[in-house]
Amino acid sequence: MEVINLETNDRYTIELESEDRHFVLSLSPGEYELNRVQISEGPFLSIAVLSTSFTIGPEPITYLGTWRFGVDSPKYGRMVAVSMVLNEDERSQALDYVRGQYPALAAASVHDVLPQPATTETRLYEVMPYPRYPRYFRRHLW
């Protein structure tokens, strides 16, 4: 995923593995936008352009909810759906994770922000080179 600061145009890349459940990103206060999602499936790579914005305030911890991604099966015109919800059980699990990883934030206040729009659907596009497979490139003498 790629997040961009709308005031400074700084870009932040978030790389998640399939077993990752939580992620933490240190961002300065300001307006941000989730503008790109990239999905790797074996040797194939797809990308979708989004426009979901949120505000990071001065609070030490901002919880952005649970982000759920739904991806169509491989086909022409493949879509990705993204929905963001505030779920109290998952919020407490995420805060336990953050406080376990960063003990200095154990007593920090938490501000909940739900990105807007909270639900979006867009098309996934295959990224060249296709397929993205190391052996494929070994056959060519560039």
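**Group meeting talk: rings, a sheet and a pocket**

Okay, hi everyone. For the wording, buried means under 20% relative accessible area, exposed means over 50%, and partly exposed is in between, using a 1.4 Å probe and protein chains only.

Before I go on, some ground rules. This is a predicted model, where local features need pLDDT of at least 70 and side-chain atom pairs count only at pLDDT 80 or more, while totals for chains, interfaces and linings use all residues. Residues are numbered from 1 along each chain as its sequence is written, and side-chain values use heavy atoms, with hydrogens and water left out.

Now the overall layout. The protein chain has two helices and 10 strands. Those are DSSP runs numbered from the N terminus: helices are H or I with at least four residues, strands are E with at least two. Reading from the N terminus, the order is β-β-β-β-β-β-β-α-β-β-β-α. Of the 142 residues in the protein chain, 32% count as buried.

So how do strands line up here? Five strands make an open sheet in the order 2-1-3-4-10, with antiparallel pairing. Its edge strands are strand 2 (11-13) and strand 10 (125-126), each pairing on one side only. To count as a pair, two strands need at least two bridges between them in DSSP. Strand 1 (residues 2-5) and strand 2 run antiparallel and are joined by three bridges. If you want to find one on screen, look at I4: its bridge partner in strand 2 is R11.

Between strand 1 and strand 2 there's a loop, and N9 sits in that loop. Phi of N9 is near 65°, a positive value in a residue other than glycine. At 53% relative accessibility, N9 counts as exposed.

A pair of aromatic rings is described by the distance of the centres and the angle of the planes. Rings of Phe, Tyr and Trp (its six-membered ring) pair if their centres lie within 6.5 Å; planes under 30 degrees apart are stacked, over 60 edge-to-face, and the rest tilted. That rule gives three aromatic pairs. One of them is Y12 with Y32, a tilted pair: 6.3 Å centre to centre and 55° between the planes. This pair links distant parts of the chain, as Y12 is in strand 2 and Y32 in strand 3, 20 residues apart.

Is Y32 buried or exposed? Y32 counts as buried, at 0% relative accessibility. Y32 also pairs with F54, and that pair is stacked: 5.9 Å centre to centre, 15° between the planes. Y32 lies in strand 3 and F54 in strand 4, so this pair ties together parts that are 22 residues apart in sequence. F54 is buried too, with a relative accessible area of 4%. Put together, Y12, Y32 and F54 form one aromatic cluster.

Another ring: the charged end of R123 sits over the ring of Y76, 4.8 Å from its centre. The cut-off there is NZ of Lys or CZ of Arg within 6 Å of the ring centre and within 35 degrees of the ring normal.

The largest pocket has a volume of about 1,700 Å³. On a 1 Å grid over the protein atoms alone, a pocket is an open set of points where a 1.4 Å probe fits, with protein on both sides within 12 Å along at least five of seven lines, and lining residues have an atom within 4 Å of a point. Grid points are joined across faces, edges and corners, and the volume is the space filled by probe spheres set on the points.

The largest pocket is lined by 46 residues, and M1, I14, L16, F23 and W67 lie nearest its centre. Strand 3 gives the most to that lining, with six residues. By class, the lining has 27 nonpolar, 10 polar and nine charged residues. Here Ala, Val, Leu, Ile, Met, Phe, Trp, Tyr, Cys and Pro are nonpolar, Asp, Glu, Lys and Arg are charged, and the others, Gly among them, are polar.

Last stop, two prolines. A cis peptide bond joins Q116 and P117, with omega about -5°. P117 is in the loop between strand 8 (110-112) and strand 9 (119-123). P58 is in the loop between strand 4 and strand 5, and P58 is exposed, with a relative accessible area of 73%. Thanks, folks!
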